[in-house]
Amino acid sequence: MAQAQSKPNWFVIGISAAVVVVLIALGVVVVWMNNRATDGGPAPASSKAFSAETGAISFGTGKDKVAVFVDFQCPVCKNFEEQFGPSLEKAAESNKITLSYHPIAILDRYSQNTEYSSRSAGAAVCVASQEPDKYLAFAQLLFDNQPEENTPGLATSQLADFAKQAGADKAASCITDETYKKFGAAQADSHQINATPTVEINGKRLDLSNQADLQKLVKLIS
């Protein structure tokens, strides 16, 4: 008896092909969403004091390099600046250290969908890239007027007003236009920052909850 010839099951083949198409489409969507999540938006201009690549605004020319990553929505960052900011700035001014601030954004979830973390970081980048000598005064105003978590935060127009108060009038339109709103989140992703403040000494990340690490910072800027 001749063996029955097998026939292709076109229903199964059709379902399999449809599944493959769906999987490819999902893959494209995931890649697109990931790209959007890490998209830094327009690149600011670099200068002697500001690096568009690393997002650092730097002060001083000391051999030892201290990098501080801050989110202006972060209450602990405000406390850190109150405790260590003056000493850090003094050490940079005397060229004992090179101090680099990185405005980043990781706390948008605490501003009722207004993306205050991103907007304030973007505003800081506007000042850092256009009038770097006014950055410290502007950052101080942001911390002095830090909104409580789980509130809408400050309006973008208020951020522009603070820039003017700090003497960074040229950065006001950049802030109002939210030109660099995506930059802070992209930098946080690039530097793998998931908590703030994050501090590095000569490229080595400190554990600020560890007294030994904290003393390294204190000794360096004392």
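How many helices and strands does the chain have? Eight helices and six strands. This is a predicted model, so please keep that in mind throughout. Reading from the N terminus, the order of elements is α-β-β-β-α-β-α-α-α-α-α-β-β-α.

Some totals for the chain. There are 222 residues, and 41% of them are buried. Of the contacts between residues at least 6 apart in sequence, 74% join residues at least 24 apart.

Now helix H5, residues 156-165. Which of its residues are buried? They are Thr156, Leu159, Ala160, Phe162 and Ala163. These residues cover an arc of only 155° around the axis, so they sit on the same side of H5. As a reminder, an α-helix has 3.6 residues a turn, so residues three or four places apart point the same way. And what covers the buried residues of H5? The cover includes helix H3, at 116-130, helix H4, at 135-144, and helix H6, at 172-176. After H5 comes Gly167, which has a positive phi, near 90°.

The last item is Asp213, in helix H8, residues 211-221. Is Asp213 buried or exposed? Its relative accessibility is 13%, so Asp213 counts as buried; the cut-off for that is under 20%. Leaving aside residues up to four places away in sequence, Asp213 touches Arg205, Leu206 and Asp207. With Asp207 there is a polar pairing to look at: a polar atom of the Asp213 side chain lies 2.8 Å from the backbone nitrogen of Asp207.

Technical notes:
Residues are numbered from 1 along each chain as its sequence is written. This is a predicted model: local features need pLDDT of at least 70, side-chain atom pairs count only at pLDDT 80 or more; totals for chains, interfaces and linings use all residues. Side-chain values use heavy atoms; hydrogens and water are left out. Buried means under 20% relative accessible area, exposed over 50%, partly exposed in between (1.4 Å probe, protein chains only). Helices (H or I, at least four residues) and strands (E, at least two) are DSSP runs, numbered from the N terminus. The arc is that of the directions from the helix axis to the C-beta atoms. Contact means heavy atoms within 4.5 Å. A polar contact is a pair of N or O atoms within 3.5 Å; within protein, one must be able to donate a hydrogen and the other to accept it, and residues adjacent in sequence count only if both atoms are side-chain atoms.
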